[in-house]
Amino acid sequence: MSPFDNPRSWLLLALQGPIAVSQEMVFPHGCYVVGEISPVLDFEASTRERPVPARDKVTNELMWSVPVLDGDPELKASAKSVAVKVVSPVAPEIPAPPAALAGLPFVPIEFEGMTATPYVNQQGRLAWSYKATGMRAARSATLNKKGGPKDAE
């Protein structure tokens, strides 16, 4: 069967590689850093004794894995945890949480320059890999209608 036999495959053929997306498209209810930022490793070049950091194929900059929790209340627990790769010469820093959230293990953040790349995971399902060029503190603790962070207007 050719990819041209399935009309939906035309979309997949047209959308190869990273797709520019916004924070609001990926995390309409906001997202929260829930762990330590770590370097992404180049699994082909690394050994157990000598880890080699991965570099972005386009910019050749280092990549950092930021573990986040998606704020969507309708997601299953297994789908809430996401890692976003940040492309940067140095590790991004987790911003200080707003005073109202001080002491909690969640820090609301926003990503800048996001892209999404589709791929087929080990279960044979469509999945997404997310990259960003930076991250910052969420601009406002004001909630939108869906319950997530919204910029002050």
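Student: Which residues lie nearest the centre of the second largest pocket?

Tutor: S81, V82, Y119, A127 and W128 do, among 14 lining residues. Before we go on, this is a predicted model, in which local features need pLDDT of at least 70 and side-chain atom pairs count only at pLDDT 80 or more, while totals for chains, interfaces and linings use all residues. Residues are numbered from 1 along each chain as its sequence is written, and side-chain values use heavy atoms, with hydrogens and water left out.

Student: What makes a space a pocket, and what makes a residue part of its lining?

Tutor: On a 1 Å grid over the protein atoms alone, a pocket is an open set of points with protein on both sides within 12 Å along at least five of seven lines, and lining residues have an atom within 4 Å of a point. The largest pocket has 24 such residues, with R55, D56, K57, M63 and K131 nearest its centre.

Student: What is the volume of the largest pocket?

Tutor: About 640 Å³. A volume here is the space filled by probe spheres set on the grid points, which are joined across faces, edges and corners.

Student: Why is the pair K131 and D56 called a salt bridge?

Tutor: The term needs a side-chain nitrogen of Lys or Arg within 4 Å of a carboxyl oxygen of Asp or Glu. The closest N and O atoms of K131 and D56 are 2.6 Å apart, so the pair meets the rule.

Student: Why is D56 called buried, and why is K131 called partly exposed?

Tutor: Buried means under 20% relative accessible area, exposed over 50%, and partly exposed in between (1.4 Å probe, protein chains only). D56 has 7%, so D56 is buried. K131 has 26%, so K131 is partly exposed.

Student: How do you know that E110 has a salt bridge with R136, and what about R139?

Tutor: The N to O distance is 3.0 Å for E110 and R136 and 3.2 Å for E110 and R139. E110, E112, R136 and R139 are linked in a network of salt bridges.

Student: How exposed is E110, and how exposed is R136?

Tutor: E110 has a relative accessible area of 7%, so E110 is buried. R136 stands at 24%, so R136 counts as partly exposed.

Key. 1 Å grid on protein atoms, 1.4 Å probe; cavity = no way out; pocket = protein on both sides within 12 Å on 5 of 7 lines; lining within 4 Å.
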